[in-house]
Amino acid sequence: VCKMVNKEFDKEYLKLSFFTKYECIDQTHIIYDGYRLIQSKRPFLSDIKWAFKWSGTKQPTISSTLQNCDGKIIANTSNDYDHVVLKFKKALFYNESVVVHFHADMDDVDGTAQPHLDVKIEEPISVVDFRVILAYKDNNFSEMAKFMRKPINSNVPTDYHTHENVAFNPHSKSYEYILTNPEVGYFYRLEWIK
């Protein structure tokens, strides 16, 4: 049975939905929370790797309110994502679902972090919710953010292409974009002015 399940599903789990919040308390302190609903595709799943890439120079502090996390960042030596291991408090069995939480406290003291959120869609997912809160912006700020995408696999280097513009909500000082049933095989990005 284990061999059959592993052969049918090359991934350990399916990503069913993803909710992400990037909150700038001020121009240097950022809080990031990601919540992902997953479904196990292994007979026994005790942990997962959460991949991420922080563009700032100071290493973030990682934790989770729903899983056990030692905060150790496993850096990728190539240009790919870094990751942390999130351990379930109770292992998942085949087809069991759970919400996974990733929390990062980030300090952009030198201003090198890039103002964007990316998500890589490699398999079908029902919804991805992007939310960016810029608490430090003044009441006159009204710049549009760009929602963009580019292919994951391309024979030539490809830039992001703007899919649509996203208005800034001056009351909540935020951008929000809900992506439903995105096309597989793309990086999707919400990019704003710092």
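This is a predicted model: local features need pLDDT of at least 70, side-chain atom pairs count only at pLDDT 80 or more; totals for chains, interfaces and linings use all residues.
Local features need pLDDT of at least 70 and side-chain atom pairs 80 or more, while totals for chains, interfaces and linings use all residues. Residues are numbered from 1 along each chain as its sequence is written, and side-chain values use heavy atoms, with hydrogens and water left out.

Reader: How many residues has the largest nonpolar core?

Author: A nonpolar core is a set of buried Ala, Val, Leu, Ile, Met, Phe, Trp, Tyr and Cys residues joined through side-chain atoms within 4.5 Å. Buried means under 20% relative accessible area (1.4 Å probe, protein chains only). Tyr 22, Phe 130 and Tyr 175 have the most contacts inside the largest core. Its residue count is 43.

Reader: Which strand supplies the largest share of the lining of the largest pocket?

Author: Strands are DSSP runs of E, at least two residues, numbered from the N terminus. Strands S1 (13-24) and S2 (29-40) are among those that each supply at least two lining residues. The largest share, 6 residues, comes from S7.

Reader: Which residue in S2 is the bridge partner of Lys 15?

Author: Two strands pair if DSSP finds at least two bridges between them. S1 and S2 pair in the antiparallel sense over 11 bridges and form a hairpin with 4 residues between them. In S2, the partner of Lys 15 is Ile 38.

Conventions
Buried means under 20% relative accessible area, exposed over 50%, partly exposed in between (1.4 Å probe, protein chains only).
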